[in-house]
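Please look over the sequence and the structure shown here before reading the short report that follows.

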There are 4 protein chains.
Amino acid sequence: MNQQLSWTTWLAEGHVSVPVILLKHYPSFNLNEEECMLLLHLHTFIEKGNAFPTPEELSNRMTITATKCFSIIQKLITRGFLTIEETSVDGVRQENYSLFPLWKTIMDKLETDQRQTKLEDTLQSQT
Amino acid sequence: MNQQLSWTTWLAEGHVSVPVILLKHYPSFNLNEEECMLLLHLHTFIEKGNAFPTPEELSNRMTITATKCFSIIQKLITRGFLTIEETSVDGVRQENYSLFPLWKTIMDKLETDQRQTKLEDTLQSQT
Amino acid sequence: MNQQLSWTTWLAEGHVSVPVILLKHYPSFNLNEEECMLLLHLHTFIEKGNAFPTPEELSNRMTITATKCFSIIQKLITRGFLTIEETSVDGVRQENYSLFPLWKTIMDKLETDQRQTKLEDTLQSQT
Amino acid sequence: MNQQLSWTTWLAEGHVSVPVILLKHYPSFNLNEEECMLLLHLHTFIEKGNAFPTPEELSNRMTITATKCFSIIQKLITRGFLTIEETSVDGVRQENYSLFPLWKTIMDKLETDQRQTKLEDTLQSQT
């Protein structure tokens, strides 16, 4: 099949850049595949200009219901991976999801792990 | 906490570019979050130079066992989303995963969908 | 220096996915670094939601004047790497740059090159 | 033209994720398009597993000679955007380019700029 149409769509949809450290470390934050995938969907929506997708919009890209999406979002907020930020654009109050707490959590863990490793290396070299 | 170490790791690990159409359409191929995430892990391994990760290496980045990873891989091959290709590097036979069938499947579906839409538009404009 | 602010900016600005084939092949299309960089800037603006940046906006990210940006854009359009497309959003006519001709040109060249290589391989294997 | 071959190549070559802040701010570091493009080529080589491309390999992807590439590299090292790091793999000494100084320089500038802006905002709100 000639694929002119689909290739145009592929290009128009584009790509999203995902930090490899999220893909490598989510299980150590007790995130499962469903939760991590919802975070990836949020990241994609944000990167493509929709910073506050509805549970329905998320559900349309997943195999779970909007109700389940909503409950995962609440859990992610409670656990400190996600926040809702209020901004004001032209006097209109607007809400946005922010994944900054997620990246911060990963960074903090990496920092702690690497200091621990350095410390152990130092202790070992002294014995 | 100063985050010099973790930031260096973040940069060193880098990013992986994921086609948005995969994230938007995997449910319509009857792929669930676990299966799609395994495909994303394979894509990341391949992009970063390891084109034949073991089930153990995949399992280390997931919340499922190596046995489960292996069984998902077999299912993805059977369903036509994944192939194993043999190449020969310096006379040594080597196996690689290829996600080409996955991208091809998505492209074919997009093509069919869009031709259908065009056809319906044409029919509608004629009535 | 603690880098909380700059790291937040880094994350907020995000990344843009660039096809490696553009970076590998632009000189064979007689594009120089200035022209290719302008195409990368257009690609970035489009991916981040501004599909019709002004010559001034482009110039702000480059070392060349807005006049020079405008003249490069005209040249890229004449040479068939870039088009301006008209769309209508809520009844308002809108213009967008499209890089589709660029990707199409690269694809066509790759296709021709590889068919040529295949042909030569076939001819060689027959002698 | 059917584009099966070129599309396969496109996918095989993949994408490279480029930080938007580099594309937005290189002129304020007195980097021109040629220098920034060489940095992008280095970034791409590194991300794709070749962390020490030769001036010839760089030149093959640019419109400038290998000699010119070499002289730009030396200039970038002198100006503190690039370093050469020595590592040892299986007892064999190996040299790699590192773009860490570039990212660090950009981060430091962003940090300084934003503190300056915050300071000015504070001063202004007090008058």
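In which strand of chain A is the place of H15(A)? H15(A) lies in β1 of chain A, residues 15-19, where strands are DSSP runs of E with at least two residues, helices are runs of H or I with at least four residues, and both are numbered from the N terminus. This is a predicted model, in which local features need pLDDT of at least 70 and side-chain atom pairs count only at pLDDT 80 or more, while totals for chains, interfaces and linings use all residues. Residues are numbered from 1 along each chain as its sequence is written, chains are lettered from A in the order in which they are written, and side-chain values use heavy atoms, with hydrogens and water left out.

H15(A) has a relative accessible area of 11% and is therefore buried (under 20%, with a 1.4 Å probe and protein chains only). Leaving aside neighbours within four places in sequence, the residues in contact with H15(A) include W10(A), K48(A), S17(C) and H15(D), contact meaning heavy atoms within 4.5 Å.

| Item, chain D and chain A | Value |
|---|---|
| Residues of chain D in contact with chain A | six residues |
| Area buried between chain D and chain A | about 640 Å² |
| Share of that area from carbon and sulfur atoms | 56% |

Buried area is the accessible area (1.4 Å probe) that two parts lose on being put together, summed over both. In chain D, W7(D), W10(D) and H15(D) lose the most area to chain A, together 57% of what that side buries.

Methods. Buried means under 20% relative accessible area, exposed over 50%, partly exposed in between (1.4 Å probe, protein chains only).
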